[in-house]
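Q: Please look through the predicted model shown here, and take the questions below one at a time.

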Amino acid sequence: MTEQNIFDNQHFFDGYKEIRGREVNYNNAIEQPAMSKMLPCLTEKTVLDLGCGYGYNCTDFIERGAKKVLGIDISKKMLEVAKAESSDPHIEYMQLSMTEISSLNMKFDLVYSSLAIHYIEDFKKLMTDIYGLLNNGGTLLFSQESPFITASPKVGGYNLDENGRRVSFTFSDYSICGAREEHWLDTDYIKYHRTFSKIFTDIAQSGFVISEVCEPMPDKSAVEKCPSMSGQYIKPQFLIVKAVKKG
(Lines give C-alpha, C1' and ligand atoms only; values in the text may rest on other atoms or scores of the structure.)
Protein backbone atom coordinates (compact mmCIF):
# COMPACT_ATOMS: atom_id res chain seq x y z
CA MET A 1 0.00 0.00 0.00
CA THR A 2 1.28 3.46 -0.92
CA GLU A 3 2.17 5.90 1.84
CA GLN A 4 -0.40 8.68 2.31
CA ASN A 5 0.48 12.17 1.12
CA ILE A 6 -1.72 14.34 3.35
CA PHE A 7 0.90 17.09 3.66
CA ASP A 8 0.39 18.15 0.04
CA ASN A 9 -3.18 19.06 0.99
CA GLN A 10 -2.76 22.85 1.20
CA HIS A 11 -5.20 23.31 4.09
CA PHE A 12 -3.55 20.56 6.15
CA PHE A 13 -0.07 21.79 5.27
CA ASP A 14 -0.86 25.36 6.33
CA GLY A 15 -2.45 24.24 9.60
CA TYR A 16 0.45 21.95 10.46
CA LYS A 17 3.00 24.67 9.65
CA GLU A 18 1.18 27.08 11.96
CA ILE A 19 1.26 24.57 14.83
CA ARG A 20 4.94 23.74 14.33
CA GLY A 21 5.72 27.45 14.26
CA ARG A 22 4.39 28.04 17.76
CA GLU A 23 6.93 28.78 20.49
CA VAL A 24 5.83 25.72 22.46
CA ASN A 25 4.39 22.62 20.82
CA TYR A 26 4.47 18.92 21.62
CA ASN A 27 7.24 18.27 19.11
CA ASN A 28 9.78 20.82 20.26
CA ALA A 29 8.91 20.57 23.97
CA ILE A 30 8.70 16.78 24.37
CA GLU A 31 9.63 14.62 21.37
CA GLN A 32 12.58 16.44 19.82
CA PRO A 33 14.60 16.97 23.05
CA ALA A 34 14.30 13.26 23.82
CA MET A 35 15.28 12.26 20.28
CA SER A 36 18.29 14.56 20.46
CA LYS A 37 19.55 12.91 23.66
CA MET A 38 19.33 9.47 22.05
CA LEU A 39 21.33 10.29 18.90
CA PRO A 40 24.59 8.40 18.43
CA CYS A 41 27.84 10.19 17.55
CA LEU A 42 27.46 11.43 13.97
CA THR A 43 31.02 12.49 13.20
CA GLU A 44 31.79 11.47 9.59
CA LYS A 45 28.59 9.37 9.48
CA THR A 46 25.97 8.99 6.75
CA VAL A 47 22.33 9.57 7.71
CA LEU A 48 18.94 8.77 6.16
CA ASP A 49 16.03 10.85 7.48
CA LEU A 50 12.67 9.17 6.74
CA GLY A 51 9.85 11.69 6.48
CA CYS A 52 12.29 14.57 6.78
CA GLY A 53 9.63 17.28 6.55
CA TYR A 54 11.15 20.77 6.67
CA GLY A 55 14.67 19.34 6.87
CA TYR A 56 15.47 20.87 10.25
CA ASN A 57 16.89 17.60 11.57
CA CYS A 58 18.96 17.18 8.41
CA THR A 59 20.81 20.43 9.09
CA ASP A 60 21.21 19.44 12.74
CA PHE A 61 22.89 16.19 11.67
CA ILE A 62 25.39 18.13 9.56
CA GLU A 63 26.09 20.47 12.47
CA ARG A 64 26.79 17.37 14.58
CA GLY A 65 29.45 16.25 12.13
CA ALA A 66 27.63 14.00 9.65
CA LYS A 67 29.36 13.90 6.26
CA LYS A 68 26.27 13.09 4.19
CA VAL A 69 22.51 13.28 4.84
CA LEU A 70 19.70 12.08 2.62
CA GLY A 71 16.26 13.38 3.56
CA ILE A 72 13.27 11.73 1.95
CA ASP A 73 9.64 12.74 2.12
CA ILE A 74 6.57 11.94 0.06
CA SER A 75 5.37 15.55 0.26
CA LYS A 76 6.46 17.96 -2.46
CA LYS A 77 5.42 20.92 -0.30
CA MET A 78 7.53 19.75 2.63
CA LEU A 79 10.56 19.30 0.39
CA GLU A 80 10.13 22.76 -1.10
CA VAL A 81 10.42 24.23 2.41
CA ALA A 82 13.36 21.95 3.22
CA LYS A 83 15.29 22.99 0.12
CA ALA A 84 14.59 26.68 0.82
CA GLU A 85 15.23 26.72 4.58
CA SER A 86 17.47 23.72 5.32
CA SER A 87 19.89 23.49 2.43
CA ASP A 88 23.52 22.42 2.68
CA PRO A 89 26.03 21.00 0.17
CA HIS A 90 26.11 17.76 2.16
CA ILE A 91 22.30 17.32 2.26
CA GLU A 92 20.28 15.76 -0.52
CA TYR A 93 16.48 15.79 -0.57
CA MET A 94 14.43 13.26 -2.50
CA GLN A 95 10.69 12.81 -2.98
CA LEU A 96 10.23 9.16 -2.09
CA SER A 97 7.81 7.10 -0.04
CA MET A 98 9.12 5.17 2.95
CA THR A 99 7.50 2.13 1.36
CA GLU A 100 10.05 2.36 -1.48
CA ILE A 101 13.34 2.82 0.38
CA SER A 102 14.59 -0.62 -0.65
CA SER A 103 15.26 1.01 -4.05
CA LEU A 104 18.01 3.19 -2.54
CA ASN A 105 21.41 1.95 -3.64
CA MET A 106 23.43 3.17 -0.65
CA LYS A 107 24.24 2.41 2.98
CA PHE A 108 23.84 4.51 6.11
CA ASP A 109 25.17 4.67 9.66
CA LEU A 110 21.92 6.13 11.05
CA VAL A 111 18.34 5.81 9.87
CA TYR A 112 16.21 8.39 11.65
CA SER A 113 12.48 9.09 11.57
CA SER A 114 10.46 11.60 13.57
CA LEU A 115 6.71 10.97 13.92
CA ALA A 116 6.15 9.45 10.49
CA ILE A 117 6.22 5.68 10.91
CA HIS A 118 2.66 5.42 12.24
CA TYR A 119 1.49 6.36 8.72
CA ILE A 120 3.02 3.16 7.29
CA GLU A 121 0.87 0.03 7.06
CA ASP A 122 3.52 -2.70 6.73
CA PHE A 123 5.77 -2.05 9.71
CA LYS A 124 7.64 -5.37 9.46
CA LYS A 125 8.63 -4.70 5.84
CA LEU A 126 9.79 -1.21 6.77
CA MET A 127 12.00 -2.61 9.54
CA THR A 128 13.45 -5.19 7.16
CA ASP A 129 14.11 -2.52 4.53
CA ILE A 130 15.82 -0.26 7.08
CA TYR A 131 17.97 -3.13 8.34
CA GLY A 132 19.16 -3.74 4.78
CA LEU A 133 20.14 -0.07 4.35
CA LEU A 134 22.25 0.13 7.51
CA ASN A 135 25.94 -0.56 7.80
CA ASN A 136 26.95 -3.11 10.42
CA GLY A 137 26.88 -1.34 13.77
CA GLY A 138 24.45 1.23 12.38
CA THR A 139 21.57 2.70 14.37
CA LEU A 140 17.83 3.03 13.85
CA LEU A 141 16.22 5.83 15.87
CA PHE A 142 12.54 6.59 15.39
CA SER A 143 9.59 8.16 17.16
CA GLN A 144 5.91 7.54 16.63
CA GLU A 145 2.64 8.24 18.38
CA SER A 146 2.29 6.02 21.42
CA PRO A 147 0.11 2.91 20.96
CA PHE A 148 -2.05 4.38 23.74
CA ILE A 149 -2.84 7.18 21.28
CA THR A 150 -3.15 5.22 18.06
CA ALA A 151 -5.42 2.56 19.60
CA SER A 152 -8.64 4.55 19.55
CA PRO A 153 -8.31 8.09 18.19
CA LYS A 154 -12.07 8.55 17.80
CA VAL A 155 -13.28 7.40 21.21
CA GLY A 156 -10.30 7.81 23.51
CA GLY A 157 -9.95 10.83 25.74
CA TYR A 158 -9.29 12.30 29.15
CA ASN A 159 -11.70 11.81 32.03
CA LEU A 160 -12.28 14.84 34.27
CA ASP A 161 -13.06 15.19 37.94
CA GLU A 162 -15.74 17.52 39.35
CA ASN A 163 -13.32 20.44 39.07
CA GLY A 164 -12.56 19.81 35.42
CA ARG A 165 -9.09 18.40 36.08
CA ARG A 166 -7.79 15.50 34.03
CA VAL A 167 -7.57 12.41 36.21
CA SER A 168 -7.37 9.46 33.79
CA PHE A 169 -7.40 8.48 30.12
CA THR A 170 -9.75 6.06 28.38
CA PHE A 171 -8.87 4.11 25.25
CA SER A 172 -10.16 0.97 23.54
CA ASP A 173 -9.37 -1.64 20.88
CA TYR A 174 -5.72 -1.70 21.93
CA SER A 175 -5.21 -5.35 20.96
CA ILE A 176 -6.68 -4.89 17.46
CA CYS A 177 -3.84 -3.84 15.16
CA GLY A 178 -4.61 -2.09 11.89
CA ALA A 179 -5.87 1.08 10.26
CA ARG A 180 -7.47 3.88 12.25
CA GLU A 181 -9.42 6.75 10.72
CA GLU A 182 -8.24 10.12 11.98
CA HIS A 183 -9.63 13.63 11.56
CA TRP A 184 -7.29 16.51 12.29
CA LEU A 185 -6.99 20.01 10.81
CA ASP A 186 -10.25 19.38 8.93
CA THR A 187 -8.64 16.48 7.08
CA ASP A 188 -9.48 12.77 7.08
CA TYR A 189 -6.59 10.36 6.86
CA ILE A 190 -5.40 6.94 8.03
CA LYS A 191 -2.76 6.02 10.57
CA TYR A 192 -1.86 2.53 11.79
CA HIS A 193 -2.07 1.11 15.28
CA ARG A 194 0.31 -1.56 16.54
CA THR A 195 0.67 -2.91 20.05
CA PHE A 196 3.94 -2.55 21.93
CA SER A 197 4.52 -6.29 21.54
CA LYS A 198 3.99 -6.11 17.78
CA ILE A 199 6.39 -3.18 17.44
CA PHE A 200 9.19 -4.71 19.49
CA THR A 201 8.79 -8.20 18.01
CA ASP A 202 8.94 -6.91 14.43
CA ILE A 203 12.05 -4.88 15.22
CA ALA A 204 13.79 -7.83 16.87
CA GLN A 205 12.79 -10.34 14.19
CA SER A 206 14.19 -8.01 11.53
CA GLY A 207 17.61 -8.53 13.12
CA PHE A 208 17.94 -5.47 15.34
CA VAL A 209 19.03 -5.35 18.96
CA ILE A 210 16.86 -2.85 20.83
CA SER A 211 19.16 -0.65 22.92
CA GLU A 212 16.85 2.01 24.35
CA VAL A 213 13.14 2.80 24.62
CA CYS A 214 11.76 6.14 25.79
CA GLU A 215 8.29 7.54 26.49
CA PRO A 216 9.27 11.20 26.95
CA MET A 217 7.61 13.57 29.38
CA PRO A 218 7.53 17.39 29.33
CA ASP A 219 9.70 19.24 31.80
CA LYS A 220 8.35 21.74 34.32
CA SER A 221 9.01 24.78 32.13
CA ALA A 222 7.08 23.28 29.20
CA VAL A 223 4.06 22.58 31.41
CA GLU A 224 4.19 26.11 32.76
CA LYS A 225 4.07 27.49 29.21
CA CYS A 226 1.48 24.98 28.01
CA PRO A 227 -0.59 23.62 30.96
CA SER A 228 -2.36 21.03 28.78
CA MET A 229 0.94 19.14 28.60
CA SER A 230 0.39 18.03 32.20
CA GLY A 231 -1.86 15.35 30.72
CA GLN A 232 1.30 13.58 29.52
CA TYR A 233 1.87 12.40 33.08
CA ILE A 234 -1.37 10.40 32.77
CA LYS A 235 -0.45 8.85 29.44
CA PRO A 236 2.49 9.37 27.06
CA GLN A 237 2.01 10.94 23.65
CA PHE A 238 5.11 9.46 22.05
CA LEU A 239 7.16 6.28 21.83
CA ILE A 240 10.85 6.48 20.87
CA VAL A 241 12.91 3.40 19.98
CA LYS A 242 16.63 3.05 19.39
CA ALA A 243 17.97 -0.17 17.88
CA VAL A 244 21.32 -1.33 16.50
CA LYS A 245 22.32 -3.57 13.60
CA LYS A 246 24.98 -5.84 15.05
CA GLY A 247 27.62 -7.23 12.77
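Q: Which residues in helix α3 (residues 56-63) are buried?
A: In this predicted model, burial is a matter of relative accessible area, and a residue counts as buried when that area is under 20%. What covers the buried residues of α3 includes the helix α2 (26-38) together with the strands β1, β2 (68-73), β3 and β4. The buried residues of α3 are Asn57, Cys58, Thr59, Phe61 and Ile62.

Q: Is Asp60 buried, exposed or partly exposed?
A: The side chain of Asp60 meets that of Arg64 in a salt bridge, with 2.8 Å from N to O, and Arg64, at 34% relative accessibility, counts as partly exposed. For Asp60 the relative accessible area is 23%, and because values under 20% count as buried and those over 50% as exposed, a value in between has its own class. Asp60 is therefore partly exposed.

Q: Which residue just after α3 takes a positive phi?
A: The residue in question follows helix α3 directly in the description of the backbone, and its phi is about 110°. That residue is Gly65.

Q: What is the bridge partner of Leu48 in β4?
A: Strand β1 (residues 46-50) and strand β4 (residues 108-114) pair in the parallel sense, and four bridges join them. Within this pairing, the partner of Leu48 in β4 is Val111.

Q: Which residue in β9 stands opposite His183?
A: Strand β8 (residues 178-184) and strand β9 (residues 187-193) pair in the antiparallel sense over seven bridges. The two strands form a hairpin with two residues between them, and in its turn Leu185 has a positive phi of about 55°. The residue of β9 that stands opposite His183 is Asp188.

Q: Is Lys191 buried or exposed?
A: Lys191 forms a salt bridge with Glu145, the closest N and O atoms being 2.6 Å apart, and the pair links distant parts of the chain, since Lys191 lies in strand β9 and Glu145 in strand β5, 46 residues apart. Glu145 has a relative accessible area of 16% and is buried. For Lys191 the relative accessible area is 1%, and because anything under 20% counts as buried, Lys191 is buried.

Q: Which residues are linked in a network of salt bridges?
A: A search of the whole structure finds seven salt bridges, among them the one between Arg165 and Asp161, whose closest N and O atoms are 3.1 Å apart. In that pair Arg165 counts as exposed, at 51% relative accessibility. The network is made up of Glu145, Glu182 and Lys191.

Terms used. Residues are numbered from 1 along each chain as its sequence is written. This is a predicted model: local features need pLDDT of at least 70, side-chain atom pairs count only at pLDDT 80 or more; totals for chains, interfaces and linings use all residues. Side-chain values use heavy atoms; hydrogens and water are left out. Two strands pair if DSSP finds at least two bridges between them. Buried means under 20% relative accessible area, exposed over 50%, partly exposed in between (1.4 Å probe, protein chains only). Contact means heavy atoms within 4.5 Å. A salt bridge is a side-chain nitrogen of Lys or Arg within 4 Å of a carboxyl oxygen of Asp or Glu.
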